[in-house]
Amino acid sequence: MIAEFGLAALWLAAALAALQLIAGALALTPRGGTLGGIVRPVAMVQGVLVALSFAALVVLFAQTDLSVELVAKNSHSMKPLIYKISGTWGNHEGSMLLWVMIMGLSGCFVAAVERRLPELTMLATLAGQAFVSLGFYAFLLLSSNPFTRLPSPAIEGAGLNPLLQDPGLAFHPPPLYIGYVGLSVAFSFAIGALVTREVGPAFARAMRPWVLGAWIFLTLGITAGSYWAYYELGWGGWWFWDPVENASLMPWLAATALLHSVSVLAARNALRAWTVMLGVVAFSMSMVGTFLVRSGILTSVHAFAVDPERGSFILGLLALNIGGALVLFGLRAASVTEGERFSAASREGALVFNNVMLSAILGIVLVGTLYPLLAEALGAKVSVGPPYFNPVSAIFAVPMLMVLAVGPLLRWRRDSLARIRPLIAIPAVLLLGVLIWAGSQAVGLLPALGLALSAALGVASLLPLKGRKLRQVKLPVWGMVTAHFGIAVALLGMASDAAFTTERLVAVQPGDTVEVGPWQVQLQRIEPVAGPNWTALRGDLAVSYKGGAVAELHPAARTFWAPPNETNEAALKTRWNGQLYAVLGQETSGGRWQLRLWWKPFVPMIWYGGILIALGGLLALLGRLASDLKRLVARDKIAYRRSRQGR
Amino acid sequence: MSDQKPTSRWTLWLPLALFLGFVALVLFGLYRPADREVASTMIGKPLPEFTLRAAAPDRPGLTRADLADGQPRLLNIFASWCVPCAVEAPQLAALKAEGIDIAGVAIRDRPEDVAAFLARHGNPFSRIGADDRSIVQLGIGSSGVPETFVIDGKGTIRYQHIGEIRPEHIALLREKLKEATQ
Amino acid sequence: MSLTPMKAKHQRLVLALIALVALIGAGLLAAWALRSQASFFYLPAEYAANPPEAGRPVRLGGMVEKGSIRTLADGVTITFVIHDDKARVPVTFKGIVPDLFVEGSGAVAEGRRQPDGTFRADNVLAKHDENYVPREMKDMTSEQARQAIEETK
């Protein structure tokens with residue numbers, strides 16, 4: 001019954017999305033009449049229905065209903081409950097349902113909450129949201145129905161793959177998806193604004209919380225994904241420029257640019273067409289990224305099987321959505337009137353610079369990700385890795401970070417660098433000082449720049465608070481300061497990892513001691529251990545920092561038989577000033593074992609920084625929501641008083 | 001605020017042009033030949049000499065001479081511990097039902113496990129050799145299980161199929177066997 | 001507004017031009033960097049016939065020659081030969097190889113050609129590692145799945 005209920009809810013939601021699109025579009029025509037009145041309620045009911053449909057699938061997975069094909073293929077009655085539930089989105093169909101559910105719920109919230117936009121723009125926005133959703137509904141119902149029943153129930157499920165039973169892997173997709181799909185609201189707002197040509201501060205204020213919300217989740221998702229790759233792959237790196245990673249980075253870059261240009265539009269009514277463009281681009285990058293990963297046309301560590309049929313379907317959807325939006329942009333953007341002007345040395349000027357640099361980095365990542373495909377079209381097989389991405393993106397990131405240190409100190413509209421010269425003197429001196437010091441330490445150019453920028457930015461990011469009463473500083477300003485400081489913190493981790501990591505690769509016998517950086521590591525013994533369907537050789541290491549207290553570490557090499565696979569379980573020891581990272585290799589001649597050790601000073605700062613950046617977003621979002629709420633209450637009060645006086 | 005004419009109309013179409021380029025590139029990616037393996041260097045080469053003891057009580061073992069008796073056949077590399085090997089069992093049974101001779105090589109396996117595996121999934125093999133140290137497997141350029149080779153009557157490898165045989169692969173294997181007959 | 005340098009009516013034009021110049025610059029830079037930094041894939045025959053410049057990152061894919069894997073005295077450096085039916089390339093690698101890296105199977109070595117013609121790998125990937133993982137459960141019927149589970153227990 002539950003499966004049928006879920007399917008019925010899904011069909012009904014799809015039908016309502018169609019109704020939402022048609023009613024919304026007709027209401028925009030002169031003869032639309034009262035049709036517009038139904039669009040909001042329809043959007044809300046659609047959101048509720050698709051959420052119910054997803055809930056039904058979660059229940060089916062939680063109960064392990066083996067009469068449902070998807071459950072039988074991807075779950076197992078013996079799995080722990082949390083992995084049963086995470087199994088809901090651990091497969092193609094379920095993850096697509098999660099995707100449309102987030103889209104439906106976003107539309108539902110927009111319809112329920114958003115009152116600032118002109119009604120026609122709102123209708124166009126909801127119609128746009130319905131248009132995009134409808135394509136995904138069609139994809140689900142026609143080619144990826146998650147609720148299909150088996151002719152006869154399976155006796156047991158097929159999804160007991162222990163490789164997938166990892167909390168990081170199981171629970172990082174939903175935040176990432178909320179981030180990806182949350183950007184669809186910005187996309188629909190941009191469509192709505194293009195249709196009615198209503199681009200202005202009100203539009204920007206309406207769009208901003210949605211962009212912020214999605215961006216917070218994207219930031220968290222990327223941070224978590226990076227840490228997962230760091231400890232799970234056992235290669236000692238934290239970012240591999242893998243297509244899957246790039247797929248999450250590209251929407252983040254676009255959303256970050258959008259976040260800043262939307263602020264300019266809200267505060268100063270400038271950058272109008274550009275903001276609309278970014279609104280389209282941000283969600284397009286979400287769809288493109290997801291598509292590139294899903295279709296399997298780019299090989300990656302996280303490879304999926306190539307499926308041309310499904311790939312073509314999603315590509316068709318992309319072409320329709322993105323192509324349509326860009327055609328609309330080409331037709332309408334010219335008639336979006338020019339915004340307010342500003343001088344180059346101003347807050348706006350700095351933000352424009354930031355936007356251009358972020359877009360350039362986005363372009364570089366996109367080109368690098370797609371290049372292997374392009375080269376193959378021309379008959380060569382290539383792969384693109386850090387030697388391309390690191391220096392080329394740094395060329396744009398370094399000036400961007402410098403302007404980031406200065407920009408928040410500038411006034412809107414018109415300012416002069418001379419005014420803020422005393423303020424920026426401190427970070428500038430720091431920048432040079434650290435650069436010179438790093439130069440004397442034989443650190444590479446990029447890490448040295450990173451360290452210097454991180455020091456300068458760390459100080460500069462706090463300067464907007466200078467001379468203010470801290471209790472009177474508004475939440476969005478706290479948010480900005482926190483996020484910018486987070487960038488400095490993350491940068492410190494990245495640069496320090498690149499500059500100061502010490503690595504040892506040795507073959508040792510039990511009893512031998514190895515030194516890596518300030519650590520002494522003794523291999524005590526190698527023990528075989530067995531798990532549900534793997535066997536492992538586990539190393540017992542006794543480690544001590546500068547001769548201090550001894551701690552145990554247990555790196556292991558696991559071998560799975562079915563499916564045959566092998567993983568290196570890295571072992572980590574975290575201190576406030578860095579991490580010791582140990583990987584066990586194979587047995588080699590003379591009863592020795594390969595052992596790979598890294599001492600990575602300050603590397604955890606990368607992820608603390610990521611969390612700070614997201615926290616900054618959260619503070620800004622709370623601040624915006626609070627002031628929106630205040631404004632709403634004030635307006636209602638005035639309206640109430642007027643109505644009393646009128647009587 | 002000025003109502004001047006938009007400055008450069010064509011730049012507004014630039015994003016669309018870039019996107020169309022992306023679509024064209026991706027279409028190519030979707031429909032290019034799905035060949036991403038390092039091609040086996042053994043195709044067209046004769047099988048190496050080997051003699052394997054029987055892996056199951058009711059079937060004889062396998063030597064190179066058995067595979068060069070003038071009749072083309074399939075050589076299937078499998079193991080009882082391999083999950084996809086169970087998946088391809090119905091396809092092997094179907095090929096056998098068409099009268100195709102299939103020889104098996106069991107990789108790193110115990111006789112009782114092989115017997116249990118064959119009892120459960122059916123036994124399409126006329127002969128099964130036990131390759132306890134993957135010597136034959138490596139000797140014919142296979143690096144995983146399951147893999148299936150088309151061997152012609154002279155004991156020459158004509159085709160290598162990597163991974164489990166799925167229903168859609170049957171026709172291809174039949175075709176390759178036919179080519180091997182000529 | 002007489003103080004602003006952007007007094008001219010053409011601020012939008014100027015902004016669009018700046019953005020365009022920066023993005024085209026990024027594109028050109030990317031194209032140039034990709035030409036020098038993308039690592040090409042070589043088969044041993046191609047590597048022998050038309051060797052890459054020494055020091056340039058490339059990937060070399062082929063079969064690991066039987067009997068060619070040697071571990072040096074330090075216990076962590078190995079040498080082996082990657083070959084196809086036309087050529088063979090000696091490779092050295094310092095590090096931990098994947099378990100599925102065995103003689104006679106396919107492998108991809110990422111690294112650089114040394115001036116002496118040998119290949120020094122920074123990373124070694126064994127082919128087929130994941131070949132059977134993503135797909136094998138996909139088209140199983142429930143009965144096969146049940147049996148498969150029974151066997152894995």
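Tutor: A residue is buried if 20 or more other C-beta atoms lie within 10 Å of its own. Keep that cut-off in hand. The model is predicted.

Student: What makes α17(A) mostly covered?

Tutor: Count its residues against that cut-off. Of the 26 residues in α17(A), 19 are buried. The helix spans residues 475-500 of chain A.

Student: Why is A:Arg411 called partly exposed?

Tutor: It has 14 C-beta neighbours inside 10 Å. Buried needs 20 or more, exposed needs 12 or fewer, and partly exposed lies in between. A:Arg411 therefore counts as partly exposed. The residue sits in the loop between α14 (386-406) and α15 (417-440) of chain A.

Student: Which residues is A:Arg411 in contact with, leaving aside neighbours within four places in sequence?

Tutor: A:Ser346 and A:Arg347. Contact requires C-beta atoms within 7 Å. A:Ser346 is 65 residues away along the chain, yet the two C-alpha atoms are separated by 5.7 Å.

Student: How do you know that β4(B) pairs with β3(B), and in which sense?

Tutor: Pairing needs at least two bridges. β3 (residues 73-78) and β4(B) have five, in the parallel sense. One of the bridge pairs is B:Phe78 with B:Ala106.

Student: How many bridges join β4(B) to β5(B)?

Tutor: Five, and these strands run parallel. B:Ala103 has B:Arg127 as its bridge partner in β5(B). As for cover, five of the six residues of β4(B) are buried.

Student: What makes a set of residues a nonpolar core?

Tutor: They must be buried, come from a nonpolar list, and be joined through C-beta atoms within 7 Å. The largest core has 196 residues, and A:Ala255 is among those with the most contacts inside it. Not counting residues up to four places away, A:Ala255 touches residues including A:Leu183, A:Val211 and A:Trp215. A second, separate core has 47 residues, among them A:Trp593 and C:Tyr42.

Student: Where does chain C divide into domains?

Tutor: The assignment gives domain 1 (5-37) and domain 2 (41-126). Their C-alpha centres lie 42 Å apart.

Conventions
Residues are numbered from 1 along each chain as its sequence is written. Chains are lettered from A and ligands numbered from 1 in the order in which they are written. This is a predicted model: local features need pLDDT of at least 70, side-chain atom pairs count only at pLDDT 80 or more; totals for chains, interfaces and linings use all residues. Domain bounds come from an automatic or database domain assignment. Two residues are in contact if their C-beta atoms, placed from the backbone, lie within 7 Å. Helices (H or I, at least four residues) and strands (E, at least two) are DSSP runs, numbered from the N terminus. The expected span of a helix is 1.5 Å times one less than its number of residues.
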